[in-house]
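This briefing covers strand pairing, disulfides and an aromatic pair. The points are grouped by topic.

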Amino acid sequence: GGESYVSAVCSGSASTSCTVSSLANDVTYYFTVEAVNGSGASAPSAEASVVLDGSTELSPLGEELYGVSCVDATHCTAVGHNGTTGKSAVVSETSGTWGSMTDLPTAAGLSFGGVLHGVSCVDATDCTAVGQDGNNLPSIATESSGTWGSLTELTLASGGTAYLDAIHCFDASDCIAVGYDTVASNNHAVS
């Protein structure tokens, strides 16, 4: 009683994860999964829940999370910004236990590490995250075998500022991201 429901639609022939953005601390979120193909929809999976409850010290210190991707009920990765250090940051759940927020390395020449908005994980140790770096340019960071690299800046033809909001990966080398170019005033998809 009293719960509200939101659908997150993730597509792809082999989609095994889905990103749900803009989650808040101190709220219990419940998830079920349905698979859809040409024959119709499957029955919903068993319900799994997650709470960003402040145990990872996200709210009190100015940290913010904007996106999460779960490969199963006990392995999730959330991304955002560490307001204390000014860097893009990640926090992961392993076997049902959330770890501490970890800052990503800041790319050379940046004093501000940016903000990650979306993440997609193909398994528990391989994820790709997108956002905006300290130069206000779209950026991407990857986790490979459990190790995150620094943000990589993407160059815009317009020469303006932009950001990437969301990403979905079909596998570790095939992803699509969407965002906004502030000079061209256009939404874009990047693959």
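Predicted model: local features only at pLDDT ≥ 70, side-chain atom pairs only at ≥ 80, totals over all residues.

- A hairpin is formed by β7 and β8, with 4 residues between the strands. Gly86 lies in that turn and has a positive phi of about 75°.
- Opposite Glu93 stands Trp98 of β9.
- β8 and β9 likewise form a hairpin, with 2 residues between them. In this turn, Ser95 has a positive phi of about 50°.

**Disulfides**

- The structure has 3 disulfides.
- Cys70 is joined to Cys76 with an S to S distance of 2.0 Å. The torsion about this S-S bond is about 110°, so the disulfide between Cys70 and Cys76 is right-handed.
- Cys70 has a relative accessible area of 23% and is therefore partly exposed. Cys76, in contrast, counts as buried because its relative accessibility is 4%, under the 20% limit for burial.
- Cys121 and Cys127 form another disulfide, with their sulfur atoms 2.1 Å apart. The torsion about the S-S bond is about 100°, which makes the disulfide of Cys121 and Cys127 right-handed.
- Both Cys121 and Cys127 are buried.
- A disulfide also links Cys169 and Cys175, whose sulfur atoms are 2.1 Å apart. With a torsion of about 100° about the S-S bond, the disulfide of Cys169 and Cys175 is right-handed.
- Cys169 counts as buried at 3% relative accessibility, and Cys175 counts as buried at 16%.

**Aromatic pair**

- The structure holds 1 aromatic pair. The ring centres of Tyr163 and Tyr180 are 6.2 Å apart and the ring planes are at 35°, so the pair is tilted. Planes under 30 degrees apart would count as stacked, and planes over 60 as edge-to-face.
- The pair links distant parts of the chain, 17 residues apart. Tyr163 belongs to strand β16 (residues 162-171) and Tyr180 to strand β17 (residues 174-181).
- Tyr163 is partly exposed because its relative accessibility is 26%. Tyr180 is partly exposed as well, at 27% relative accessibility.

**Asn135 and its loop**

- Where is Asn135 found? Asn135 is in the loop between β12 (126-132) and β13 (138-144).
- The relative accessible area of Asn135 is 40%, so Asn135 is partly exposed.
- Asn135 and Gly114 are 21 residues apart in sequence, and their C-alpha atoms are 8.0 Å apart in space.

Notes. Residues numbered from 1 in each chain as written. Heavy atoms only, no water. Pairing = 2+ DSSP bridges. Phe/Tyr/Trp six-rings, centres within 6.5 Å; stacked < 30°, edge-to-face > 60°. Buried < 20%, exposed > 50% of the residue type's maximum accessible area, 1.4 Å probe, protein only. Disulfide = S-S within 2.5 Å.
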